[in-house]
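Here is a friendly briefing to read alongside the model. Have the sequence and the 3D view open as you go through the points.

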Amino acid sequence: MAKKLSAPPGTWSSPITPALVARASRRFGSVQAAGRVLYWSEGRPEEGGRQVIVRAGADNRPQDMLPPPYSARSRVHEYGGGEFLATDTGTVYFVNDRDQQVYRIGATGRIERITNEPRMRFADMA
């Protein structure tokens with residue numbers, strides 16, 4: 001039997017780290033349907049809090065739409081929301097966290113910046 005040790009609170013080592021706990025706590029944000037496809041935003045602590053837009057079509061298989069370093073987040077609403085708009089054509093418009101500009105991503109995965117207004121903030125697209 002292992003010998004029991006006493007130590008002041010917070011001074012012992014533990015296999016449960018903050019990174020391990022955070023990895024299991026994804027944050028789900030906006031949800032939209034466009035045609036027969038469902039889109040949602042998903043915060044990923046294991047990627048530094050990056051917000052990914054995920055899509056699931058008729059096969060119900062989730063597919064990430066945004067590769068790193070893109071992160072969909074509008075700072076108009078500091079706690080999130082209004083960061084993307086999905087269309088029936090498969091095109092998604094999103095606000096990129098780093099520069100707060102609007103981008104477009106099509107079905108091919110090509111990402112294109114469509115605004116250049118550094119002093120503006122965008123959200124709740126229609």
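Ile16 counts as exposed because its relative accessibility is 57%; here buried means under 20% relative accessible area, exposed means over 50%, and partly exposed lies in between (1.4 Å probe, protein chains only). This is a predicted model, in which local features need pLDDT of at least 70 and side-chain atom pairs count only at pLDDT 80 or more, while totals for chains, interfaces and linings use all residues. Residues are numbered from 1 along each chain as its sequence is written, and side-chain values use heavy atoms, with hydrogens and water left out.

**The segment before the helix**

- Ile16 is found in the segment before helix H1 (18-23); helices (H or I, at least four residues) and strands (E, at least two) are DSSP runs, numbered from the N terminus.
- Together with Leu20 and Val21, Ile16 makes a nonpolar surface patch of about 280 Å².
- Such patches take residues with over 30% relative accessible area and no salt bridge, joining like charges within 9 Å and nonpolar side chains (Val, Leu, Ile, Met, Phe, Trp, Tyr) within 5 Å.
- The areas come from the Shrake-Rupley method with a 1.4 Å probe, and for residues only the protein chains shown count as cover; a salt bridge is a side-chain nitrogen of Lys or Arg within 4 Å of a carboxyl oxygen of Asp or Glu.
- Pro9 also lies in the segment before H1, and Pro9 is exposed, with a relative accessible area of 74%.
- From C-alpha to C-alpha, Pro9 and Asn96 are 42 Å apart in space and 87 residues apart in sequence.

**The sheet E1-E2-E3-E4**

- Four strands form an open sheet in the order E1-E2-E3-E4, with antiparallel pairing; two strands pair if DSSP finds at least two bridges between them.
- Strand E1 (27-34) and strand E4 (62-64) are the edge strands, and each pairs on one side only.
- On average, neighbouring strands of this sheet are turned by 25° against each other, direction ignored; the axes are lines fitted to C-alpha atoms, for helices over the stretch in contact, and angles run from 0 to 180 degrees between N-to-C directions.
- Seven bridges link E2 and strand E3 (residues 50-56) in the antiparallel sense, and Glu42 stands opposite Val52 in E3.

**The sheet E5-E6-E7-E8**

- Another open sheet of four strands has the order E5-E6-E7-E8, again with antiparallel pairing.
- E5 and strand E8 (111-113) each have a single partner strand, so one side of each is left without a neighbour in the sheet.
- E5 and E6 pair over three bridges, and Leu85 has Tyr93 in E6 as its bridge partner.
- Five residues lie between E5 and E6 in their hairpin, where Gly90 in the turn has a positive phi of about 90°.
- E6 and E7 are joined by four bridges; Phe94 stands opposite Tyr103, and Val95 opposite Val102.
- The hairpin of E6 and E7 has six residues between the strands, and Gln100 there takes a positive phi near 60°.

**The largest nonpolar core**

- Which residues touch the most other members of the largest nonpolar core? Of its 14 residues, they are Tyr39, Ile53, Leu66, Phe84, Val92, Phe94 and Ile105.
- Strand E2 (37-44), strand E5 (84-86), strand E6 (92-95) and strand E7 (102-105) give two or more residues each to this core.
- A nonpolar core is a set of buried Ala, Val, Leu, Ile, Met, Phe, Trp, Tyr and Cys residues joined through side-chain atoms within 4.5 Å.
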